[in-house]
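Trainee: Could you walk me through some side-chain features, one at a time?
Mentor: Gladly; here is the structure to look at.

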Amino acid sequence: MSFRRPVRRTGRVRRDRSGAGAASSSAAQADAVTFSDTFDGAAGSAVNSSKWTQETGDNVNNHEREYYTSGTNNASLDGQGHLVITAKKENPANYQCWYGTCQYTSARMNTSGKFSAQYGHVEARMKIPRGQGMWPAFWMLGTDIGSVGWPNSGEIDVMENVGFEPSTVHGTIHGPGYSGANGIGAGYTLPNGQAFADAFHTFAVDWAPNSIKWSVDGVVYETRTPADVGGNTWAFNKPFFLILNLAVGGDWPGDPNSATAFPAQLVVDSVSVTTSDTAAGVAIKGLAGKCVDVNGANSANGTAVQLYDCNGSAAQQWTVGSDGTIRALGKCLDVASGGTADGTKVQLYDCNGSAAQKWAVSSANDIVNPQANKCLDVTGNNSANGTPLQIWTCSGGANQKWTVG
């Protein structure tokens with residue numbers, strides 16, 4: 001069961017970190033990571049478990065009324081290329097909620113540990129339900145939620161609707177100092193009294209370093225940057241995972257009433273993410289004029305970082321941030337397991353703010369991990385393609401000298 005946060009607007013959080021993927025040989029081709037689910041499958045079948053995890057339980061912190069179930073009772077494909085999340089007024093298994101015996105069931109799912117992204121175009125095409133007390137949402141949380149908690153993890157609400165506003169959706173960010181009822185956002189209202197429940201609409205964000213733009217059907221209605229967060233931390237320059245859910249009741253939408261029709265359905269036609277590290281990246285050159293390279297251009301956690309012929313690919317485009325991180329492919333240069341010993345390998349991993357991902361580039365062309373007080377080092381002083389990088393006691397040797405840019 002996921003963590004729950006004590007706030008008004010969107011009480012939904014999940015644990016960190018995804019598994020460590022392996023890498024293959026490097027010729028560094030891919031320059032983007034793409035997630036897509038068009039929900040093709042037989043009617044009544046379950047959502048793709050390789051992409052989504054279904055959460056279970058209630059949510060006391062938002063005072064929602066539903067119990068989220070697993071399986072296909074509340075989330076299934078319709079055989080026509082849609083995922084249907086259904087809220088029902090029922091309690092088939094004597095589920096217990098924060099307020100007593102649960103009155104409703106529904107579904108909530110996320111991509112934590114299966115897919116995360118940093119920057120890009122994130123969208124869902126959906127038809128939302130109508131009715132007092134309905135609360136559909138498509139949103140994202142930082143992958144470091146398990147280590148830093150909410151709201152330090154950051155939250156990007158791509159789309160939320162509360163049933164008493166049938167013509168309006170909201171896009172919001174939450175972070176340290178601007179969370180819950182103090183989240184920073186705006187609404188988008190359809191013209192001429194149209195209701196979002198009457199047709200499919202596309203809800204999206206275009207997310208870049210220090211910028212998030214929200215749109216409905218391609219119309220941009222809101223842009224947020226660090227200037228909007230009142231001097232607080234901008235919590236959105238790191239990987240996030242996706243969440244879809246249909247809540248029933250809660251502090252913001254209020255409870256259903258006698259006019260609310262059940263079952264109520266959130267119909268999802270597609271979810272897609274096209275992303276890359278959109279910050280301007282540069283090469284980091286070292287021994288024999290070769291480049292710091294992500295093995296196989298693979299963005300999976302745990303992918304080895306190595307020396308390789310410079311080729312200008314995205315696997316060799318690094319950004320050196322003011323926060324001490326060095327990033328490529330939307331993830332961070334990381335000392336494996338936070339190690340400090342000579343010979344500890346470096347890898348690519350979800351950015352999580354840990355000391356294992358902090359680096360200092362010195363005027364002497366060293367790249368130092370301050371936690372270990374050791375230098376980024378080419379293993380064995382070997383200039384062959386594919387030689388892994390590690391940390392080692394700083395010696396001033398050529399295998400520890402790097403030119404950024």
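Mentor: Start with F262, which counts as partly exposed at 23% relative accessibility (buried is under 20% relative accessible area, exposed over 50%, partly exposed in between, with a 1.4 Å probe and protein chains only). This is a predicted model, where local features need pLDDT of at least 70, side-chain atom pairs count only at pLDDT 80 or more, and totals for chains, interfaces and linings use all residues. Residues are numbered from 1 along each chain as its sequence is written, and side-chain values use heavy atoms, leaving out hydrogens and water.

Trainee: How many aromatic pairs are found in the whole structure?
Mentor: Rings of Phe, Tyr and Trp (its six-membered ring) pair if their centres lie within 6.5 Å; planes under 30 degrees apart count as stacked, over 60 as edge-to-face and the rest as tilted. The search of the whole structure finds 13 aromatic pairs. In one, Y104 and F262 have ring centres 5.1 Å apart and planes at 35 degrees, so the pair is tilted. Y104 is buried, at 5% relative accessibility.

Trainee: Which pair is formed by Y119 and W207: stacked, tilted or edge-to-face?
Mentor: Their centres are 5.7 Å apart and the planes stand at 70 degrees, so the pair is edge-to-face. Y119 is buried, with a relative accessible area of 4%, and W207 is buried too, at 3%. Ring pairs also link Y119, Y178, W207, W234, F236 and F240 into a cluster.

Trainee: What should I look for in salt bridges?
Mentor: Side chains of opposite charge can pair when their charged atoms come close. The criterion is a side-chain nitrogen of Lys or Arg within 4 Å of a carboxyl oxygen of Asp or Glu. Eleven salt bridges are found in the whole structure. One of them joins R125 and D269, with the closest N and O atoms 3.2 Å apart. R125 lies in strand β10 (residues 120-127) and D269 in strand β19 (residues 264-275), so the pair ties together parts that are 144 residues apart in sequence (strands, E, are DSSP runs of at least two residues, numbered from the N terminus).

Trainee: Which residues are linked with R224 in a network of salt bridges?
Mentor: E222 and D228. Between R224 and D228, the closest N and O atoms are 3.6 Å apart. R224 counts as buried at 17% relative accessibility, whereas D228 is partly exposed at 31%.

Terms used
Helices (H or I, at least four residues) and strands (E, at least two) are DSSP runs, numbered from the N terminus.
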